[in-house]
Amino acid sequence: MLYRCKACGGNLNIDSKSNIGTCEYCGTKQPIQNFNDEHLHGLAYKDRLFERAMLHLSSGEYKFAVEYFDRHLDEYPKDYRAWWGKVLANTKNLKLLPYGNNEIAADYQKALRFAPTAIRQKIKFQIDVFVNAAIEIANKEILSIIELQINEDRKGKDIAEHLKLAQQSKKEEKNRSQYNILSQQLVEVTKQMNAMKQIKKRTINLLNMAAFIATMVTGVLTILWIKALLENSVDAQAIAIVLLSTLNWFIASHVIRILTLKRYKKYIAIKNKYDRANEILSSCKQRLCIYDNKIDALQEEDKERLKSIKYLNDKLKTAEEKIMWYKKAYKY
């Protein structure tokens, strides 16, 4: 009959003379006569739990394996095999070492604490190899990140150089096309044109007022002259007054029109000057727009580069923290 250790669940070597069993793993000695049928039945049940856990582990059903190892450990909390079995299940048979999973590290420490010396060395060797492989992967990741950072730095220098050239070319284009001078001239011409618009507006108002007054005066005099004709009291003086007033209105209106035309021609000249300056300046702006678009594109590219650098820095920090955690959690 197979007997199990109460402390760790390991096999007991029975001394037939003394009826004392010695655990081949933890060394605990236990009298065999204390093992009644009920306890033996319990040991058999727990053995089935452990065997079921190992079956799930070998089949890759890691979730069920952990469940049965836990049920086994409820009865035998010092059974190193179950603690080590949980480590194997949670790492998928030492193929995946989750970063930050303190439960696996705690299970590993318990497996070391309860295992016999010879077994302890084997477990530690397997974990050391496993953790060393995980650290090696993290180191390769760090080297890859550093290489990407170097490329991003080189890219940043290229962007800075191209940006400097684009800004210098834009400045030279401004000087060559006299952009600033044209801009100032356009401002001055705009002021002149606005002033001429105001003068034109006032002149038109004055012309309308003069024409209205002359028309009214001429109308009144005409009515008086017609009245005198009807009364047969017209004389040469009245006719002279009407003719004179009409002549005055005609001369005044034409003088105002001449003055208005002169100012209008000046306004047209200034407007033409404004249109020419604006056309030249628009052409300059179109040429400068090419450099502006290039500068904007380079600046946008540099923003994306900075985002990439931040992302790489975060990844590098995580990889370094991962290595530190591996060494601390597994006392590597």
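From the N terminus on, the elements of this predicted chain run β-β-β-α-α-α-α-α-α-α, which comes to seven helices and three strands, where helices (H or I, at least four residues) and strands (E, at least two) are DSSP runs numbered from the N terminus. The model is predicted, so to speak of local features requires pLDDT of at least 70 and side-chain atom pairs count only at pLDDT 80 or more, whereas totals for chains, interfaces and linings use all residues. Residues are numbered from 1 along each chain as its sequence is written, and side-chain values use heavy atoms, with hydrogens and water left out.

The mean pLDDT, the predictor's confidence in each residue on a scale from 0 to 100, is 79 for the protein chain, and 72% of its residues reach 70 or more. Confidence is lowest in α1, at a mean of 68, and highest in α3, at 93. Over residues 34-43 the pLDDT is below 50, although this stretch has twelve contacts in the model beyond near neighbours in sequence, a contact being heavy atoms within 4.5 Å. Where pLDDT is low, the predicted coordinates should not be read in detail.

Helix α3 is mostly covered, with ten of its eleven residues buried; buried means under 20% relative accessible area, exposed over 50%, and partly exposed in between, with a 1.4 Å probe and protein chains only. Among the buried residues of α3 are Trp83, Trp84 and Lys86, and just after this helix lysine 92 takes a positive phi of about 55 degrees. In the loop between α2 and α3 lies aspartate 79, which counts as buried because its relative accessibility is 0%. Its side chain makes a polar contact with the side chain of arginine 81 at 2.9 Å (a pair of N or O atoms within 3.5 Å, of which, within protein, one must be able to donate a hydrogen and the other to accept it, residues adjacent in sequence counting only if both atoms are side-chain atoms).

Trp84 also belongs to the largest nonpolar core, where, of 43 residues, Trp84, Tyr108, Ile123, Ile127 and Tyr330 touch the most other members; such a core is a set of buried Ala, Val, Leu, Ile, Met, Phe, Trp, Tyr and Cys residues joined through side-chain atoms within 4.5 Å. Helices α1, α2, α3, α4, α5 and α7 each supply at least two residues of this core, and the largest share, nine residues, comes from α5. Leaving aside neighbours within four places in sequence, tryptophan 84 is in contact with Leu94, Tyr108, Ala111, Ile123, Gln126 and Ile127. A second, separate core of five residues includes Ile159, Ala166, Ile295 and Leu298.

Charged pairs complete the picture. A search of the whole structure finds nine salt bridges, each a side-chain nitrogen of Lys or Arg within 4 Å of a carboxyl oxygen of Asp or Glu. Aspartate 70 and lysine 86 meet in one of these (2.9 Å, N to O), linking helix α2 to helix α3 across 16 residues; aspartate 70 is partly exposed at 29% relative accessibility, while lysine 86 is buried at 5%. Aspartate 292 forms a salt bridge with lysine 170, the closest N and O atoms being 2.6 Å apart, and because aspartate 292 lies in α7 and lysine 170 in α5, the pair ties together parts that are 122 residues apart in sequence.
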